[in-house]
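Subject: Structure handover

Hello,

Here is the structure I promised to pass on. Please look it over first, then read my notes below.

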Amino acid sequence: MYIETSRPRLEGEKARLLSPVFSIAPKNPYGPTNTAYCFSFFYHMYGQHIGVLNVYLRLKGQTTIENPLWSSSGNKGQRWNEAHVNIYPITSFQLIFEGIRGPGIEGDIAIDDVSIAEGECAKQDLTTKSKCLFLVW
């Protein structure tokens with residue numbers, strides 16, 4: 001999936017991709033537990049006018065609150081990078097990708113191979129080219 005920066009797109013315009021809602025069932029009779037999930041994806045940000053790629057977490061029942069999970073901006077070279085983020089949702093949740101167009105037409109943003117798995121990301125995964133903004137909420 002990618003966002004196109006060619007005209008008629010303008011600087012600051014946004015494209016958003018919303019995941020399905022991931023359901024979390026309580027694991028004990030006293031309420032939800034803090035189960036960890038490893039959220040990962042590949043991203044490509046190449047060109048002199050690259051804008052921003054953001055990822056947000058939206059919890060069930062909070063339609064107007066989006067918690068920032070990850071963000072990257074600027075040219076990352078002509079290559080695919082991988083991001084791994086541990087998340088600890090307390091209820092069912094949704095992930096939101098947001099691409100923001102930069103100041104010109106030279107540079108597109110793409111994502112691929114998005115996955116989420118129960119359990120924390122491996123330590124070596126967390127040291128790959130990711131920038132975590134918010135881990136626990």
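Start with the salt bridges. A salt bridge is a side-chain nitrogen of Lys or Arg within 4 Å of a carboxyl oxygen of Asp or Glu. By this rule the chain has 5 salt bridges.

Before the details, a word on the source. This is a predicted model, in which local features need pLDDT of at least 70 and side-chain atom pairs count only at pLDDT 80 or more, while totals for chains, interfaces and linings use all residues. Residues are numbered from 1 along each chain as its sequence is written, and side-chain values use heavy atoms, with hydrogens and water left out.

**The salt-bridge network**

Which residue does R16 meet at 2.6 Å, N to O? The partner is E66, side chain to side chain. R16 lies in strand 2 and E66 in the loop between strand 4 and strand 5 (67-73), so this pair ties together parts that are 50 residues apart in sequence. Strands (E, at least two residues) and helices (H or I, at least four) are DSSP runs, numbered from the N terminus.

R16 also forms a salt bridge with E98, and here the closest N and O atoms are 3.3 Å apart. E98 sits in strand 7 (residues 93-100) and R16 in strand 2, so the parts tied together are 82 residues apart in sequence.

How covered are these residues? R16 is partly exposed at 38% relative accessibility. E66 is partly exposed too, at 24%. E98 is buried, at 4%.

E66 has a salt bridge with R58 as well, with the closest N and O atoms 2.6 Å apart. R58 is buried, with a relative accessible area of 16%. Salt bridges that share partners join K14, R16, R58, E66 and E98 into one network.

R58 is placed in strand 4 (residues 52-59). Leaving out residues up to four places away in sequence, R58 touches several others, including R16, L18, T63, E66 and F93. Touching here means contact, with heavy atoms within 4.5 Å.

**The whole chain**

Now step back. The chain has 1 helix and 8 strands. From the N terminus on, the elements run β-β-β-β-β-β-β-β-α. Of the 137 residues in the chain, 42% are buried. Take the contacts with a separation of 6 or more: residues 24 or more positions apart account for 84% of them. The accessible surface comes to about 7700 Å², and 54% of that belongs to carbon and sulfur atoms. Areas come from the Shrake-Rupley method with a 1.4 Å probe; for residues, only the protein chains shown count as cover.

4 strands form an open sheet in the order 1-8-3-6, with antiparallel pairing. Strand 1 (2-3) and strand 6 stand at the edges with a single partner strand each, so one side of each has no neighbour in the sheet. Two strands pair if DSSP finds at least two bridges between them.

Strand 3 (residues 37-46) is mostly covered, with 8 of its 10 residues buried. Strand 3 pairs with strand 6 (residues 81-87) over 7 bridges, in the antiparallel sense. There, C38 has N86 as its bridge partner, and F41 has A83. Strand 3 is also joined to strand 8 (residues 108-118), by 9 bridges, again antiparallel. In strand 8, the partner of Y43 is I111.

Is T5 buried or exposed? T5 counts as buried, because its relative accessibility is 3%. T5 is found in the loop between strand 1 and strand 2 (14-18). A polar atom of its side chain lies 2.9 Å from the backbone oxygen of G107. The side chains of T5 and D108 are joined by a polar contact of 3.1 Å. A polar contact is a pair of N or O atoms within 3.5 Å; within protein, one must be able to donate a hydrogen and the other to accept it, and residues adjacent in sequence count only if both atoms are side-chain atoms.

Best wishes

Note on methods
Buried means under 20% relative accessible area, exposed over 50%, partly exposed in between (1.4 Å probe, protein chains only).
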